[in-house]
Amino acid sequence: MLLSRLFDFIAPRYCCVCGRRLTAEERVFCAGCCLDLPLTEFLDHPYDNVMAKTFWGLIPHFERAYALVYHVPHTRSASMVYQLKYNNRPDIGDNLGWLMADKMAAKGFFEGIDAVVPVPLAPVRIRQRGYNQSECLAYGICRRTHLPLWDDVVGRKYYAASQTDKNRWQRLDNVTDVFELTNGSRLRGRHVLIVDDVVTTGATVCALAKQLQLVDDVHISVASIAFAGEVI
């Protein structure tokens, strides 16, 4: 604890929601913002919550889903996602992954899961940001759970146009062929956790799962920081 306090004095940490300086006991969020976050209840029913239902009928062998919060654009709670993606804060993804893993492990969410697969980011976005925000989140989960990070089983062929102004079906069409299986030898018979930053319609996750399931008997679960609440 003394070392933690010393480190916080030398390199202070700040709440990724409100920007207040964190105490040694706080992680990612200050206590006040923790009470204010629109947390989901998905871990209480991981197989049939509203996020899980997004993927029913679209992903064969789909298992369960979890998001830490509901995503409401332009709110204080959404700022952590914006900072992670656009403000050079990969540490937010790592710390959120650790926090989420704690909550998920307590509810047995990782039972039977063999590995974690982050959603690949287009090379142009990697160059702009310097990192893949979904991989930062996945890395935090893996650090906490000791699950392997399989970031080489699928790649992204090109950058698809922004999904923001598209309806749910246009989003599916936009990313249908954007991913490519690159190293599927380990996947057969495995249960993998796909990790993304925000799930809206689930189109990106479905496109990625389609490639993973070119290998026989691959089971899929999904985790994200936020769920935007749209159901396909």
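Q: At what angle do helix H4 and H5 pack, and how far apart are their axes?
A: In this predicted model, H4 (residues 79-86) and H5 pack at about 130 degrees, and their axes are 7 Å apart.

Q: Why are H4 and H5 called oblique to each other?
A: Roughly perpendicular covers 65 to 115 degrees and roughly antiparallel starts over 145, with the rest, apart from angles under 35, counted as oblique. The angle here is about 130 degrees, and therefore H4 and H5 are oblique to each other. Met80, Gln83 and Leu84 of H4 make the contact with Pro90, Ile92, Gly93 and Leu96 of H5.

Q: What makes H4 mostly covered?
A: Buried means under 20% relative accessible area, and 6 of the 8 residues of H4 are buried. They are Ser79, Met80, Val81, Gln83, Leu84 and Lys85. The cover over them includes strand E1 (62-70), H5, helix H6 (123-129), helix H7 (133-145), strand E5 (191-199) and E6.

Q: Which residue just after H4 takes a positive phi?
A: That's Asn88, with a phi of about 55 degrees.

Q: How do you know that Val222 counts as buried?
A: Buried needs a relative accessible area under 20%, and Val222 has 0%, so Val222 counts as buried. Val222 sits in strand E6 (residues 219-227). Its contacts beyond four places in sequence include Met51, Phe55, Phe62, Tyr66, Phe109, Leu193 and Val205. Val222 and Ala52 are 170 residues apart in sequence, yet their C-alpha atoms are 8.2 Å apart in space.

Q: Why is Leu208 called buried?
A: Leu208 has a relative accessible area of 0% against a cut-off of under 20%, so Leu208 is buried. You'll find Leu208 in helix H9 (residues 203-212). Leaving out neighbours within four places, Leu208 is in contact with Pro118, Val119, Pro120, Val154, Phe179 and Ile194. One of these, Pro120, is 88 residues away from Leu208 in sequence but 8.8 Å away in space, C-alpha to C-alpha.

Q: What share of the contacts in the protein chain with a separation of 6 or more comes from residues 24 or more positions apart?
A: They account for 73% of those contacts. The chain itself has 9 helices and 6 strands, and buried residues make up 50% of its 232 residues.

Q: Why is His61 called partly exposed?
A: Partly exposed lies between the buried limit, under 20%, and the exposed limit, over 50%. His61 has 43%, so His61 is partly exposed. This histidine lies in the loop between helix H3 (50-54) and E1, and its phi is near 55 degrees, a positive value in a residue other than glycine.

Q: What makes His146 count as exposed?
A: Exposed means over 50%; His146 is at 69% relative accessibility, so His146 counts as exposed. His146 is in the loop between H7 and strand E3 (154-156), with a positive phi near 70 degrees.

Q: Which residues lie nearest the centre of the second largest pocket?
A: Those are Arg13, Tyr14, Arg89, Asp91 and Asn95, out of 14 lining residues. The pocket's volume is about 240 Å³. By class, the lining has 8 nonpolar, 1 polar and 5 charged residues, and helix H5 (residues 90-106) supplies the largest share, 3 residues.

Technical notes: Residues numbered from 1 in each chain as written. Predicted model: local features only at pLDDT ≥ 70, side-chain atom pairs only at ≥ 80, totals over all residues. Heavy atoms only, no water. 1 Å grid on protein atoms, 1.4 Å probe; cavity = no way out; pocket = protein on both sides within 12 Å on 5 of 7 lines; lining within 4 Å. Points joined across faces, edges and corners; volume = space filled by probe spheres on them. Helix = DSSP H or I, 4+ residues; strand = E, 2+ residues; numbered from the N terminus. Nonpolar A, V, L, I, M, F, W, Y, C, P; charged D, E, K, R; others polar. Axes fitted to C-alpha atoms, helices over the stretch in contact; angles between N-to-C directions. Contact = heavy atoms within 4.5 Å. Buried < 20%, exposed > 50% of the residue type's maximum accessible area, 1.4 Å probe, protein only.
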